[in-house]
Structure formats: C-alpha cells, structure tokens
Amino acid sequence: MQEILSKIRRAVQDFEMIQEGDVIAVGVSGGKDSITLLYGLHLLKRFYPIKFEVMGLMLSLGFENFDPTPIKNFCEEKGIPFFVKHTEIKKIVFDYRKEKNPCSLCANLRRGALNDFAKEKGCNKVALAHHYDDLIVTFMMNLFYNGRLHTFEPVTFLDRSRITLIRPLIYVREKEVRSAVKKNNLPVVENPCPMAGNTTRHSIENLIRNLEKEIPELDKRIFTAIKKDVFQLKN
C-alpha cells in the first residue's frame with residue numbers, strides 16, 4: 001500500500017481535500033476501488049499531521065445474494081467504523097421504473113442516499129473511489145457524448161446537502177488498486193447488478209485500451225491535459 005498511500009497523500013495535499021476535524025465517510029460499494037480507498041485513508045490518518053476521522057458506509061441496493069460480511073469482518077479487524085443501510089434502489093430502478101438504461105438513475109439515487117447516510121452519521125465529507133483511469137474515461141465520455149472538456153472535480157461542495165465530495169484516488173492507477181487488493185488480501189464482494197460490465201463506460205475503457213496500442217502513454221497525455229487545462233494545476 002505504500003505507493004498508493006503516497007499518491008493519496010499527494011492528492012489530498014494538492015487539492016486541500018482534508019481539513020482539521022473532518023469526519024469522512026467512504027462510500028463502500030464492495031468493489032476493489034472503494035475498499036482500497038477506505039483502507040488507505042484509515043492508514044493515512046495514523047500519521048497525517050491534520051487530524052480527521054474516517055468510516056465506511058455501504059448502501060444495500062436490494063439485490064439478492066449480496067453479502068457484505070467479508071467487508072464488515074475486515075473493518076472490525078482493522079478497527080474501522082463500518083455501517084450498512086438498506087435501500088429500495090433496485091426495486092425503483094428495475095422493478096417499478098423498468099429502466100432500459102438504468103445506470104444514470106441508479107447513480108443519482110445512490111448519490112443522494114449516500115449523502116443522506118453520511119449526514120446521519122455526522123460526516124461532513126464523502127470520499128468517492130474514482131481513480132486515475134476513471135478520471136480519463138469520464139473526460140472522454142464528456143468529450144464524445146456531450147461535447148464538453150469536462151470531468152469530475154477532485155473536490156466538490158454540494159450546496160443542497162452541505163456535503164463536500166473528495167476523490168483521493170485520482171493519482172492512483174487501476175492496476176495499482178488491483179495489485180494492492182491482492183497483496184493486502186482486501187475483501188471484494190461481487191457486484192450483483194445485471195448491468196455490471198455492460199455499460200457505455202466500459203465501451204470507452206476498451207476504446208482507450210485499443211488506442212494505447214498505437215499511441216504510447218496516451219493516458220499520461222490526457223491526464224496531464226486535464227490537470228493543466230481543466231483543474232488549472234501546474235505542478
């Protein structure tokens with residue numbers, strides 16, 4: 001985890017993500033990215049000069065055969081506060097609305113429910129596990145489908161909920177997350193959503209991988225452009 005911790009710390013410092021006394025909720029989906037972020041922030045708080053608290057919050061969406069026990073046990077072992085809240089998001093999206101393209105609605109409902117859950121637990125910030133590769137894919141999706149030079153921000157304050165979103169993994173590559181999960185035996189729960197692996201985002205990921213075969217270091221060039229021209233970060 002040392003390399004990931006270093007990159008989390010750099011992102012936190014570059015974008016001033018954490019202030020003294022923050023109580024940060026990590027949105028834990030059960031996947032590799034969010035458990036890596038939760039563990040990374042837990043380790044960071046041990047030595048970081050700014051004092052903060054961190055906890056894991058998970059939403060149960062209502063899918064059958066979804067068992068968060070491995071993550072719960074891991075958090076108990078490490079002394080990380082962890083809470084699960086049941087929702088009816090699966091029923092709303094798939095049973096009632098019967099959405100043909102459910103990802104957008106599901107994401108909106110999950111964001112709202114997670115922010116409300118965080119406020120219930122006394123958190124003022126929510127940490128999301130979007131990483132380096134997610135940043136690039138989101139940028140390309142906005143370019144291709146919306147005609148915008150835009151991606152998610154490292155830090156976003158939400159006026160309505162009074163919650164600040166932070167994304168401490170933006171310097172961490174997905175392959176580094178996979179390696180950390182394997183080497184540290186981090187628990188991962190299989191995604192029960194029927195749309196998993198079959199979305200527009202995955203199509204863009206495949207496109208970028210194919211382009212990288214012909215354009216070496218394409219990801220680095222896109223990431224550098226985002227830092228300089230979107231985030232206005234010159235370092």
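Analyst: Contact here means that heavy atoms lie within 4.5 Å. With that in mind, and remembering that this is a predicted model, we can begin with a residue of helix H2, which covers residues 32-47. Leaving aside its neighbours within four places in sequence, Leu44 is in contact with Leu5, Ile8, Arg9, Val12 and Phe52. Leu44 also belongs to the largest nonpolar core, which has 57 residues, and it is one of those that touch the most other members, together with Ile18, Val26, Leu38, Leu41 and Ile71. Apart from this core lies another, of 19 residues, among them Leu61, Phe63, Val93 and Phe117.

Now to the helix pair itself. Two packed helices are described by the angle between their axes and the distance between the axes. The axes of H2 and of H3, the helix of residues 69-78, come within 12 Å and cross at roughly 5 degrees. Angles under 35 degrees count as roughly parallel, and H2 and H3 are therefore roughly parallel to each other. On the H2 side the contact is made by Ile35, Leu38, Tyr39 and His42, while H3 brings Ile71, Phe74, Cys75 and Lys78. Sorted by class, the residues of this contact are 6 nonpolar, 1 polar and 1 charged.

For a view from elsewhere in the chain, consider Lys90 in helix H4, residues 89-96. Lys90 is 55 residues from Ile35 in sequence and 22 Å from Ile35 in space, taken from C-alpha to C-alpha. Beyond its neighbours within four places in sequence, Lys90 is in contact with Leu61, Gly62, Phe63 and Asp95, and at 23% relative accessibility it counts as partly exposed.

How values were computed
Residues numbered from 1 in each chain as written. Predicted model: local features only at pLDDT ≥ 70, side-chain atom pairs only at ≥ 80, totals over all residues. Heavy atoms only, no water. Axes fitted to C-alpha atoms, helices over the stretch in contact; angles between N-to-C directions. Helix = DSSP H or I, 4+ residues; strand = E, 2+ residues; numbered from the N terminus. Parallel < 35°, antiparallel > 145°, perpendicular 65-115°, else oblique. Nonpolar A, V, L, I, M, F, W, Y, C, P; charged D, E, K, R; others polar. Core = buried A, V, L, I, M, F, W, Y, C linked by side-chain atoms within 4.5 Å. Buried < 20%, exposed > 50% of the residue type's maximum accessible area, 1.4 Å probe, protein only.
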